[in-house]
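Hello,

Here is the structure I promised to pass on. Please open it alongside this note.

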Amino acid sequence: MRKFDFNSVKDCEMVFSQGEYVILSGKNPWIFRKDGTYIAKLKQIRNAYNMVFLSGNMVLMDGMVDLNYHYVSLETGEIIWSCPKKGRRYTKGDFAVSPDGKTVYFVYCENWKTLCVDHLEPEIKKCTTYQLPKIPNCGELPTHCYCDNNKNLSLLMSGYVKDEREDGTDHSYSFWGIMEWSLQEQMPNWKYKTRSLDIQNPDGSRFHPQMCDENYVFSKTLTVLSLKTGEVFSLIENSPNIPMRNSWYVVRGYDANQQLLTVFFLSSFSSVIIDCTARRAAAHYVPISYGLSGGCLIDNEFWIGTDRGVIKRPFPHMDEFPRWL
């Protein structure tokens, strides 16, 4: 029998880690233990670039090409349950998982018009789809979503109000906020809402929200709004030489013990690890092989996929920054 190791995975586009387990995902996901022990290659699952770790050493994967959700055991690699993603979906969609790891939402847009939510309960192998009512003046898809401690879904939404008065004056404005949706009430309600012009970065520029949780809203330039205090500050204020601009990024992991945030930038395909306590960039990594760029901080190493297998780079480490992130 062929012995698989980290060098066997030549197409790893993203690395995920939970506890002692590592998932290397490309055309198919591979599951290993961190010590290199091979567990499984899941050929039934195609292009699983979006996944959430759940209780009991389980993971829920979004098979973007095979069009199924897959509930998988990390210990054995067994697919416990697969559920088809129904309907015509025109957006990638986003997972939100409850703090207890038992309830998962998947938010997506159907036919570019209807905002839908798949409510997944993997332990009982159940998926229920809900259509959310049209939210006045808002776009079809939220920028980000998360699940709060009450298992309600929160959506970061933005929109535009056109307000032309009878006297001919124009009072139109853009806005954004966080809406809460529950299975019981069905109708989303605003839990936070503001005009776009009312929130500014420390340098006076407009705050463009991109991600959020119960306490903070993150902007495209890594400034953060505290929902409790109203303070706006930069996560990289002590790294003034980073060439930031309004850029889409994805949070790829957070180490709560060390307060380290791993951010992947879609414009440059590089990863920045931010020390949230010191408010500075602690490390920066550029891709090694073309198209294989989604690394992960595991213990004191940054694991990144290459066409020669997985390479472990030291942490901290600072590659040269591109002209823009």
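Below is what turned up, ring pairs before the rest.

This is a predicted model, where local features need pLDDT of at least 70, side-chain atom pairs count only at pLDDT 80 or more, and totals for chains, interfaces and linings use all residues. Residues are numbered from 1 along each chain as its sequence is written, and side-chain values use heavy atoms, with hydrogens and water left out.

Aromatic pairs: the whole structure has 20. Phe95 is in strand β9 and Phe106 in strand β10, 11 residues apart. (Strands are DSSP runs of E, at least two residues, numbered from the N terminus.) Both Phe95 and Phe106 are buried. (Buried means under 20% relative accessible area, exposed over 50%, partly exposed in between, with a 1.4 Å probe and protein chains only.)

Tyr130 and Trp181 are also edge-to-face, at 5.5 Å and 65°. Tyr130 lies in β12 and Trp181 in β15, so this pair ties together parts 51 residues apart in sequence. Tyr130 is partly exposed at 22%. Trp181 is buried at 0%.

Ring pairs also link Phe4, Phe6, Trp30, Phe32, Tyr38 and Trp303 into a cluster.

Ser8 sits in the segment before β1. Ser8 is buried, at 14% relative accessible area.

Best wishes

Terms used. Helix = DSSP H or I, 4+ residues; strand = E, 2+ residues; numbered from the N terminus. Phe/Tyr/Trp six-rings, centres within 6.5 Å; stacked < 30°, edge-to-face > 60°.
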